[in-house]
Amino acid sequence: MPYLRLEVGLVTLAAVMVICAQGLKIDFSRLALNRPSLFTQKRNFDMECAGNPCPSGTPFPCKTGGKCIALKFICDGTWDCDDGFDEDPNVCNAASRPSVDDFLFFVENEKHWLVPKLFNGADPELIAHALSVASDMQDLADQTGMTQENINLLRTAFEAALEGDERPLQDMGMPTRSWHEVQYVLSKLLDSGFKV
Ligand SMILES: [Ca+2]
């Protein structure tokens, strides 16, 4: 785990996202993000991340210094926190992807083939967290302990998702019924700028 231990809460149908960064609650509900989830079966409204010292108008707490900033300044390309936490790549990656709970629901559903084939048997929660914050394949591999073979297979999976060809994934053990969810998750990662 990097210095930043980031927990990303659930994205509800109302596009409410909560990030608990070191126990700090960040409410993204005012962001103009409308990110409907395909994984709404998971309705775990676990948003209890007590400790956000910031007022509602400027709810984003900088990591150090006690400064609070408005949500519109998060990931806008300019440091507004003195420590740059509002532009932290992990925060920005998480803000542009399905929530960590969505990733966890997905990984748990597919763990029988996905975890051994692509993630070297890592813990699903660790995988979900890494999927929400990792910037690229090497970052993901470092966080989850993927082997080179895992990396190669995941690259193949990304290519298959882009091409709309589910056969390489079926060869990895993916059930046919899982194809659309797998393609959705991989596409979301690519859309957010994840570098394969
Ligand atoms: Ca900023």
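## Confidence first

This is a predicted model, and its mean pLDDT comes out at 80, with 74% of the chain's residues reaching 70 or more.

## The nonpolar core

The largest nonpolar core holds 36 residues, and the ones touching the most other members are Phe 103, Val 107, Ala 128, Leu 131 and Ala 157. At least two core residues come from each of helix H1 (89-95), H2, H3, H5 and helix H7 (179-191). H2 gives the most, with 9 residues.

Take Val 107: setting aside neighbours within four places in sequence, its contacts are Leu 114, Pro 124, Ile 127 and Ala 128.

## Helix H3, tucked in

Helix H3 (residues 124-133) has 7 of its 10 residues buried, so the rest of the structure largely encloses it. The buried ones are Ile 127, Ala 128, His 129, Ala 130, Leu 131, Ser 132 and Val 133.

## Where H2 meets H5

Helix H2 (residues 100-119) and helix H5 (residues 148-163) have axes that come within 7 Å and cross at roughly 120°, which means H2 is oblique to H5. On the H2 side the contact involves Lys 117, Leu 118 and Phe 119, and they meet Asn 150, Leu 153, Leu 154 and Ala 157 of H5. By class, that contact has 5 nonpolar residues, 1 polar and 1 charged.

Definitions and conventions:
Residues numbered from 1 in each chain as written. Predicted model: local features only at pLDDT ≥ 70, side-chain atom pairs only at ≥ 80, totals over all residues. Axes fitted to C-alpha atoms, helices over the stretch in contact; angles between N-to-C directions. Helix = DSSP H or I, 4+ residues; strand = E, 2+ residues; numbered from the N terminus. Parallel < 35°, antiparallel > 145°, perpendicular 65-115°, else oblique. Contact = placed C-beta atoms within 7 Å. Nonpolar A, V, L, I, M, F, W, Y, C, P; charged D, E, K, R; others polar. pLDDT = per-residue confidence, 0-100. Buried ≥ 20, exposed ≤ 12 C-beta atoms within 10 Å, placed from the backbone. Core = buried A, V, L, I, M, F, W, Y, C linked by C-beta atoms within 7 Å.
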